[in-house]
Amino acid sequence: MPESRAKAARGRVEEGGESMNHQELITLFSEELFIADLKARDRDGALQEMVDHAAKAGIIRDRDVILGMLKNRESLGSTGLGLGVAFPHGRSLAIPSLMALFARSPKGVDYGAIDGKPVQLFFMFIAPPVEKENRYLPALGQVVEMIRDEQTRQRLLEIKSFPEFRSLILGED
Amino acid sequence: MPSLNEQLLLLVALQDLDTMIREAEDKVHADKLQAMGFPLEGVDDLRRARKELAESIERPLLTRYERILGRLGRAVVPITGDVCLGCFAIIPTSYTSAENRDRILQCENCGRIFYWPRGT
């Protein structure tokens with residue numbers, strides 16, 4: 001494992017005075033919200049597929065409310081930050097606690113990303129309006145920071161299972 | 001006419017949109033997102049979406065929502081367990097039955113409208 005990634009994995013990223021380490025971050029993800037092969041090829045289809053996946057897992061009560069919120073969030077400005085990664089996120093009453101979902105699209109999604117390139121990696125964060133532990137923005141910031149590393153992005157394109165994803169986030173591989 | 005359940009979901013969607021607009025206009029919150037690289041340029045689009053959504057809600061209900069929003073900042077609040085997360089008052093057990101969870105009920109203490117994010 002490159003030293004830069006190991007260092008990043010050990011370290012903490014500061015986001016406006018709030019921080020979250022990789023151990024805390026990985027607790028937000030789960031095997032049931034890990035999608036290795038996203039089928040959709042456009043933005044709305046990808047959002048729908050991810051929300052439906054969370055609804056089937058019993059995490060979301062009213063999927064239409066969540067989907068509407070995420071689409072509205074995209075009209076505020078694309079969450080496709082470039083380099084093939086998007087971070088659909090927002091707050092909704094229709095979620096009881098902070099939810100994190102990872103999805104990968106081997107073929108890429110036409111997402112309207114800032115750099116115009118297809119998106120292959122998705123980190124979705126949905127938070128309730130009131131969150132006592134205040135983990136939403138620190139988690140988002142931590143992943144945005146982590147994904148700047150090219151080797152991390154490359155490994156995320158190669159992993160096949162949630163345990164591999166977990167090891168990568170923790171800097172164990 | 002939309003069912004009560006549909007009207008409640010429209011209120012939930014409206015509250016989500018109001019939360020998004022408020023956060024986009026909050027400098028501290030917006031600065032954090034922009035520092036991460038997220039553009040926040042479409043607030044006017046959100047306001048247009050809000051107007052369209054509000055028009056689909058029955059007028060008396062929308063008026064009630066706006067009045068609570070103006071007075072308390074948040075009009076619809078989630079219920080966790082038996083607690084109103086608007087004022088942290090314990091709600092009557094008669095409110096928590098499965099059939100009541102899709103009805104438009106207000107907290108007897110703070111007046112906010114209830115929503116159960118965990119379903120029935």
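**Close-ups of a predicted model**

**View 1. Helix 5 of chain A passes helix 2 of chain B in a left-handed crossing.** Keep in mind that this is a predicted model. Here we're looking at residues 136–146 of chain A and residues 27–36 of chain B, whose helix axes come within 10 Å. What is the angle at which the two axes cross? It's roughly 15 degrees. Angles under 35 degrees count as roughly parallel, so helix 5 of chain A and helix 2 of chain B are roughly parallel to each other.

**View 2. Now for the residues where helix 5 of chain A meets helix 2 of chain B.** Chain A brings A:L137, A:L140, A:G141 and A:V144 to the meeting, and chain B brings B:H29, B:K32, B:L33 and B:M36.

**View 3. B:P39 sits in a loop of chain B, between helix 2 and helix 3 (43–55).** Is B:P39 buried or exposed? Its relative accessibility is 17%, so B:P39 counts as buried, the cut-off being under 20%. Set aside the neighbours within four places in sequence, and B:P39 is in contact with A:R73, A:L76, A:G77, A:S78, A:L81 and A:I114.

**View 4. Last stop: helix 7 of chain A, residues 162–170, and what comes just after.** Which residues of helix 7 are buried? They are A:F162, A:F165, A:L168, A:I169 and A:L170. Just after helix 7, look for A:G171, which takes a positive phi of about 70 degrees.

Definitions and conventions:
Residues numbered from 1 in each chain as written. Chains lettered and ligands numbered in written order. Predicted model: local features only at pLDDT ≥ 70, side-chain atom pairs only at ≥ 80, totals over all residues. Heavy atoms only, no water. Buried < 20%, exposed > 50% of the residue type's maximum accessible area, 1.4 Å probe, protein only. Helix = DSSP H or I, 4+ residues; strand = E, 2+ residues; numbered from the N terminus. Axes fitted to C-alpha atoms, helices over the stretch in contact; angles between N-to-C directions. Parallel < 35°, antiparallel > 145°, perpendicular 65-115°, else oblique. Left-handed = near helix turned anticlockwise from the far one by under 90°. Contact = heavy atoms within 4.5 Å.
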